[in-house]
Amino acid sequence: MVTVSVTRCVCNCVTFQELIDLAQRLDPQRELSEDDLIEALAARTRCATGCGTCRPYIRVALRTGKASLPVMSTSQIRGVESSAERK
Ligand code: FES
């Protein structure tokens, strides 16, 4: 069985590891909201500015520090996005 991992914003060729590392440099004290941090990352790398499919994966990568993520189902993606809306 082949396991597929999601590791990057495909539209703009930015890996989640690059984003995790940049997030640490931009906001070492974790003071920004998740949305503001993603916007700051997008402004610098263009991540999440194409199709947007990577946005929930970026949220999970930033929350967990994991740069290689399993493909999420539609309901899992909705769960990630709705938890972000509550923050
Ligand atoms: S995969 Fe990141 S914007 Fe399309």
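This is a predicted model: local features need pLDDT of at least 70, side-chain atom pairs count only at pLDDT 80 or more; totals for chains, interfaces and linings use all residues.
Visitor: Which residues of helix α1 are buried?
Guide: Phe16, Leu19 and Ala23 are buried in α1, which spans residues 16-26. Buried denotes 20 or more other C-beta atoms within 10 Å of the residue's own, exposed denotes 12 or fewer, and partly exposed lies in between, with C-beta atoms placed from the backbone.
Visitor: Why do they line one face of the helix?
Guide: Viewed down the axis of α1, its buried residues fall within an arc of 55 degrees, so they line one face. The arc is taken over the directions from the helix axis to the C-beta atoms. In general, an α-helix has 3.6 residues a turn, so residues three or four places apart point the same way.
Visitor: And what is on the other side of α1?
Guide: Asp21, Gln24 and Arg25, which are exposed.
Visitor: What do the buried residues pack against?
Guide: The buried residues of α1 pack against β2 (8-9), β3 (14-15), α2 (34-45) and α3 (55-64). Contact requires C-beta atoms, placed from the backbone, within 7 Å. Helices (H or I, at least four residues) and strands (E, at least two) are DSSP runs numbered from the N terminus.
Visitor: Changing topic, where does cysteine 13 lie?
Guide: Cysteine 13 is in the loop between β2 and β3, and its phi is near 55 degrees, a positive value in a residue other than glycine.

Note on methods. Residues are numbered from 1 along each chain as its sequence is written. Two residues are in contact if their C-beta atoms, placed from the backbone, lie within 7 Å.
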